[in-house]
Amino acid sequence: MMDRIYRHQRHIYDITRKYYLLGRDDLIAALDPPIGGSVLEIGCGTGRNLIRTARLYPSARLFGLDVSAEMLATGRAHVARAGLVGRINLARGDATAFDAAALFGEAGFDRIFVSYSLSMIPDWRKALAAGLDCLAPSGRLAVVDFGQQEELPAWFRHALFAWLERFHVTPRAELSRAIATLALERGFVWRVRPLYRGYAWYGTVEARRSPGGSIA
Ligand SMILES: C[S@@+](CC[C@H](N)C(=O)[O-])C[C@H]1O[C@@H](n2cnc3c(N)ncnc32)[C@H](O)[C@@H]1O
């Protein structure tokens, strides 16, 4: 299904999504991986975020997973054009069931991020859990995705949701709760906050033990 959606979209994806996939660059700016650390993007699409991450963190080792061969073809072309072939390793796989060691030769990642992909993955909780289970000790997972537009006008919410439905995108009303639940199940530290008056959620989970977390 993702290949069908993106067969043509992938050619205009980066230019069109720039205006409404908000919060991606702030997520990347906050990643701050350790020197020589590993960073995985789940649902990496055209590679736009990984290329930006590679430029911002020159020693980081980058990995991208996506289920769509069409998106990965564009991603590989963009990575080559950016001169980053040796630094960004892309692989095809399903976010809900992937073997990081087999695909990338890495057992755990220092940073993992999921940007506007959980809203397209039917079993998004499973994808989130799979990401958390791939964190290296002291690693951190970050998520940015559509919110419920709580503080924005109702007409905006209706228009946005109708538009997103055309692309099989479903903002997850339970996203912040799921981040908290999955983190707590593992005893990890979590934090979730809304961006742009509820337009998006930004959440992080750190693989270190703590008594709790917070929803801002
Ligand atoms: C809206 S795009 C986001 C791309 C990129 N993360 C960004 O921020 O621009 C969603 C991506 O998730 C991928 N995707 C959807 N379902 C997936 C799954 N089950 N496993 C891995 N990737 C998936 C799609 O192929 C697509 O590339």
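Hi everyone, let me start with V189, which is found in strand β6. Strands here are DSSP runs of E with at least two residues, helices are runs of H or I with at least four residues, and both are numbered from the N terminus. Before going on, a word on the model: it is predicted, with local features needing pLDDT of at least 70, side-chain atom pairs counting only at pLDDT 80 or more, and totals for chains, interfaces and linings using all residues. Residues are numbered from 1 along each chain as its sequence is written, and side-chain values use heavy atoms, with hydrogens and water left out.

Back to V189. Its relative accessibility is 15%, so V189 counts as buried. For that word the cut-off is under 20% relative accessible area, while exposed means over 50% and partly exposed is in between, with a 1.4 Å probe and protein chains only. The C-alpha atoms of V189 and R140 are separated by 9.3 Å, and the two residues are 49 apart along the chain.

Next, L141. This residue sits in strand β5, residues 135-146, and is buried because its relative accessibility is 1%. From L141 to V114 the C-alpha distance is 7.9 Å, across 27 residues of sequence.

Now some helices. V79 lies in helix α5, residues 69-81, and with a relative accessible area of 3% V79 is buried. Between V79 and A60 there are 15 Å in space, C-alpha to C-alpha, and 19 residues in sequence. A129 belongs to helix α7, residues 124-132, and at 15% relative accessibility A129 is buried too. A129 and A54 are 75 residues apart in sequence and 25 Å apart in space, C-alpha to C-alpha.

Two arginines come next. R186 lies in helix α9 and is buried, with a relative accessible area of 17%. A polar atom of the R24 side chain lies 3.2 Å from the backbone oxygen of L21.

R24 also takes us to the ligand. How many residues surround the ligand? There are 21, and the closest are R24, E41, G43, D66 and S115. By class, the shell has 10 nonpolar, 7 polar and 4 charged residues. Here Ala, Val, Leu, Ile, Met, Phe, Trp, Tyr, Cys and Pro count as nonpolar, Asp, Glu, Lys and Arg as charged, and the others, Gly among them, as polar.

A polar side-chain atom of D94 is 3.0 Å from a nitrogen atom of the ligand. V67 takes part through its backbone, with a polar atom 3.2 Å from a ligand nitrogen. Taken alone, the ligand exposes 590 Å², and the protein buries 96% of that. Those areas come from the Shrake-Rupley method with a 1.4 Å probe; for residues, only the protein chains shown count as cover.

V67 turns up again in the lining of the second largest pocket, along with M1, M2, D3, S119, M120, I121, P122, H168, T170 and R172. That lining divides into 6 nonpolar, 3 polar and 2 charged residues. About 150 Å³ of space lies in this pocket. A pocket, on a 1 Å grid over the protein atoms alone, is an open set of points with protein on both sides within 12 Å along at least five of seven lines, and lining residues have an atom within 4 Å of a point. Grid points are joined across faces, edges and corners, and the volume is the space filled by probe spheres set on the points.

Last, the backbone. Most residues other than glycine have a negative phi. H168 is not a glycine, yet has a positive phi of about 60°. Where is H168? In the loop between α8 (154-165) and α9 (175-186), and its 39% relative accessibility makes H168 partly exposed. R197 has a positive phi as well, about 55°, and is not a glycine. R197 lies in the loop between β6 (188-195) and β7 (200-209), and β6 is the strand of V189, where we began.

Key
A residue is near a molecule or strand if one of its heavy atoms lies within 4 Å of it. A polar contact is a pair of N or O atoms within 3.5 Å; within protein, one must be able to donate a hydrogen and the other to accept it, and residues adjacent in sequence count only if both atoms are side-chain atoms. On a 1 Å grid over the protein atoms alone, a cavity is a set of points where a 1.4 Å probe fits but cannot get out, and a pocket is an open set with protein on both sides within 12 Å along at least five of seven lines; lining residues have an atom within 4 Å of a point.
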